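Subject: Structure for your review

Dear colleague,

Please find below the structure that I am handing over to you. My notes on what was found in it follow directly after it.

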Amino acid sequence: MVNWLLASLIITVLSIINHLYLAYHHYLLKFGFGSAQSLCNVSQTFNCDITAASNYSSFLGIPIALFGFSTHVVLSLWLLIAFIGLTDNKDRIIRVSFILSLAIALVSVVMFIISKSVLNSFCPFCMVAYVLSFANCFLLFKARSSEISFSDGTSLLKEQKWIPLSLIIIPLRIVTGK
């Protein structure tokens, strides 16, 4: 289990770095510093600027990449807690992390569909994010030592309130800066 968990932690850190670059690129373009010479702009089909300039690149004025970044920060903290063994129920943290990674992978599918069907362009770094999300989902599926149950969610709300609260507090603090 530890090897799958360590691999997932590494993938999550890579995802954090990738989302930071995507947010950086988004702000460069938003403030007029974008360039056709960008590492991201390979062709009309593979072009980060098209994606970053679209209405789908932000939600409530916040770049989607920052939401991805903050979600992966939460995931990395959960994985680190499980990896180091700072919890009495390591497998539950891994199962809940798998559920979060599954949600991230589903968002990747939605974003890919938008890129393909609406924008007719793909952001290479977004594609990296999609691949990393599916790799992470697979790794956490393999890291589980038991099946996911409905009681995982209900017990978290009762016994380990820090887990669901971290899903709200950490991303809010990151995206709002407060």
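I begin with the packing of two helices. In this predicted model, helix 3 (residues 64-84) and helix 4 cross at roughly 160°, and their axes come within 9 Å. Angles over 145 degrees count as roughly antiparallel, and helix 3 and helix 4 are therefore roughly antiparallel to each other. The crossing of helix 3 with helix 4 is left-handed. On the side of helix 3, the residues that make the contact include Ile 64, Leu 75, Trp 78 and Phe 83; on the side of helix 4, they include Lys 90, Ile 94, Leu 100 and Met 111. By type, the residues of this contact comprise 13 nonpolar, three polar and one charged.

Helix 4 (residues 90-119) also packs against helix 5 (residues 124-143), at an angle of about 155° and with 8 Å between the axes. Helix 4 and helix 5 are therefore roughly antiparallel to each other as well, and their crossing is left-handed. The contact of helix 4 with helix 5 involves 16 nonpolar residues, six polar ones and one charged one.

The protein chain contains seven helices and two strands. Read from the N terminus, the order of its elements is α-α-β-β-α-α-α-α-α. Of the 178 residues in the protein chain, 44% are buried. Among contacts between residues at least 6 apart in sequence, 78% join residues at least 24 apart.

What does Ser 8 touch, beyond residues up to four places away in sequence? The residues concerned are Leu 79, Asn 136, Leu 139 and Leu 140. Ser 8 belongs to helix 1 (residues 2-30), and it counts as buried because its relative accessibility is 0%. Ile 16 is also placed in helix 1. With a relative accessible area of 14%, Ile 16 is buried, since buried means under 20%. Neighbours within four places in sequence aside, Ile 16 is in contact with Phe 69, His 72, Val 73 and Ser 76. Ile 16 and Val 73 are 57 residues apart in sequence, yet their C-alpha atoms are 6.8 Å apart in space.

I turn next to the aromatic residues. A pair of aromatic rings is described by the distance of the centres and the angle of the planes. The count comes to nine aromatic pairs. One of them joins Tyr 21 and Tyr 24: the ring centres are 6.4 Å apart and the planes stand at 45°, so the pair is tilted. Both Tyr 21 and Tyr 24 lie in helix 1, where they are three residues apart, about one turn of the helix. Tyr 21 is partly exposed, with a relative accessible area of 22%.

A stacked pair is formed by Phe 112 and Phe 122, with 5.4 Å from centre to centre and 25° between the planes. This pair links distant parts of the chain, ten residues apart: Phe 112 is in helix 4, and Phe 122 is in the loop between helix 4 and helix 5.

Finally, two residues deserve a look for their backbone angles. Most residues other than glycine have a negative phi. Leu 60 is not a glycine, but its phi is positive, near 55°. Leu 60 is located in the loop between strand 1 (58-59) and strand 2 (62-63). At 72% relative accessibility, Leu 60 counts as exposed, because exposed means over 50%. Asn 120, likewise not a glycine, has a positive phi of about 55°. Asn 120 is found in the loop between helix 4 and helix 5, and with a relative accessible area of 55% it is exposed.

Yours sincerely

Technical notes
Residues numbered from 1 in each chain as written. Predicted model: local features only at pLDDT ≥ 70, side-chain atom pairs only at ≥ 80, totals over all residues. Heavy atoms only, no water. Axes fitted to C-alpha atoms, helices over the stretch in contact; angles between N-to-C directions. Helix = DSSP H or I, 4+ residues; strand = E, 2+ residues; numbered from the N terminus. Parallel < 35°, antiparallel > 145°, perpendicular 65-115°, else oblique. Left-handed = near helix turned anticlockwise from the far one by under 90°. Nonpolar A, V, L, I, M, F, W, Y, C, P; charged D, E, K, R; others polar. Buried < 20%, exposed > 50% of the residue type's maximum accessible area, 1.4 Å probe, protein only. Contact = heavy atoms within 4.5 Å. Phe/Tyr/Trp six-rings, centres within 6.5 Å; stacked < 30°, edge-to-face > 60°.
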